[in-house]
Amino acid sequence: MNSDKIGFAIKNTNWCNLNCVHCCECSGPNVVPNIMPLNKVEKYITDFNAVKYPKWEYVVFTGGEAMAPYFHNQNTYIPSCLDIATSCNMVPVVKTNATWGTDDRMRKRILNDFAGMAYKHQKLMSLEMSIDEFHDNMNGIVNIISDVVRSTYLAPAVRLALVGLNTVESYIRFLQLVDKMNGQGLFTVINNGELDITIPNLHQVKVFFDLWAMIANVGRAKKNNLGVYKPTGKPEMFTGHCLQIDNHDVAILNNVHREKIQNENLSQIIEKLIARTK
Ligand code: SF4
């Protein structure tokens with residue numbers, strides 16, 4: 001990994017249907033469900049594209065719960081984000097707690113939206129699902145994976161990943177997830193950072209997973225003494241910079257700085273923030 005490249009994430013909301021004890025964003029169901037307007041999403045992505053600093057081609061949509069618009073009857077919002085990012089030649093990645101996977105209607109809608117956008121642009125659309133000991137989302141994740149693997153329409157279009165494995169307990173949960181998928185006839189093998197999931201005579205799908213993600217020592221993680229690294233320091237395992245812009249136009253680099261953007265020129269903001277981390 002080239003640690004000099006800068007990554008980009010849009011925190012489209014701070015609302016979340018969960019209220020996890022380790023949440024470094026202090027998100028939850030009682031937060032006002034403000035969602036970044038689409039014209040701002042487009043502007044930030046366009047501005048990031050124009051930044052001269054070396055950068056990754058991904059734009060991560062996160063929160064709070066990035067799927068919040070679906071919970072608040074804004075069903076075209078996330079497909080529009082995927083459309084905007086892809087039209088700007090960036091690769092959209094949506095991070096989610098995946099609890100909506102237990103709601104049949106919502107799951108079908110979201111997966112079809114992702115696949116529709118994938119076929120429109122002829123590019124994979126990525127869903128990253130948190131798998132850690134704090135989320136009660138195992139059934140949702142299994143349903144989502146199961147739908148994608150069993151569908152010849154979804155499987156080639158939706159890329160799935162499991163992220164946020166950060167403790168021994170969460171790895172045990174991950175193994176339970178694998179057991180559960182095997183129990184559902186999804187022949188699942190752990191293979192070098194990927195789950196290989198096969199349905200005999202149909203096809204195989206690979207689900208990427210990352211190990212030992214760290215919990216930033218801010219927000220409720222700090223309050224509940226669950227943080228693994230202090231963002232004001234330089235954590236050994238942390239590489240690269242990630243610029244986050246939230247739905248209140250606050251720029252955050254590596255969770256170090258939390259300040260209002262004075263103007264919307266991301267190039268200046270990045271230079272300023274990177275200079276402060278040196
Ligand atoms: S950790 Fe994720 S799922 Fe949990 S409250 Fe925070 S944003 Fe929501």
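Which residue forms a salt bridge with Lys120? The partner is Asp83, and the closest N and O atoms of the two are 3.0 Å apart. A salt bridge here is a side-chain nitrogen of Lys or Arg within 4 Å of a carboxyl oxygen of Asp or Glu. Asp83 sits in helix α3 (residues 77-87) and Lys120 in helix α4, so this contact ties together parts that are 37 residues apart in sequence. Lys120 counts as exposed, at 54% relative accessibility; exposed means over 50% relative accessible area, buried under 20%, and partly exposed in between, with a 1.4 Å probe and protein chains only.

A word on the ground rules before we go on. This is a predicted model, in which local features need pLDDT of at least 70 and side-chain atom pairs count only at pLDDT 80 or more, while totals for chains, interfaces and linings use all residues. Residues are numbered from 1 along each chain as its sequence is written, and side-chain values use heavy atoms, with hydrogens and water left out. Helices (H or I, at least four residues) and strands (E, at least two) are DSSP runs, numbered from the N terminus.

Let us stay with charges for a moment. Side chains of opposite charge can pair when their charged atoms come close. Searching the whole structure gives nine salt bridges. One of them joins Glu25 and Lys11, at 3.0 Å from N to O. Glu25 belongs to the loop between β1 and α1 and Lys11 to strand β1, so the pair ties together parts that are 14 residues apart in sequence. Both Glu25 and Lys11 are buried. Asp249 and Lys40 form another, with 2.6 Å between the closest N and O atoms. That pair links distant parts of the chain, 209 residues apart: Asp249 in the loop between β9 (241-246) and β10 (250-253), Lys40 in helix α1. Asp104, Arg107 and Asp147, meanwhile, are linked in a network of salt bridges.

Gly63 touches Lys11, Thr13, Glu25 and Ser27, not counting residues up to four places away in sequence; contact means heavy atoms within 4.5 Å. Gly63 is buried, with a relative accessible area of 6%. The C-alpha atoms of Gly63 and Trp15 are separated by 7.1 Å, although the two residues are 48 apart along the chain.

Now for the rings. The whole structure holds five aromatic pairs, meaning rings of Phe, Tyr and Trp (its six-membered ring) with centres within 6.5 Å, where planes under 30 degrees apart count as stacked, over 60 as edge-to-face and the rest as tilted. Trp15 and Phe71 make a tilted one, 5.4 Å centre to centre with 50° between the planes. Ring pairs also link Tyr171, Phe174 and Phe209 into a cluster.

Just after α6, Gly185 takes a positive phi of about 85°.
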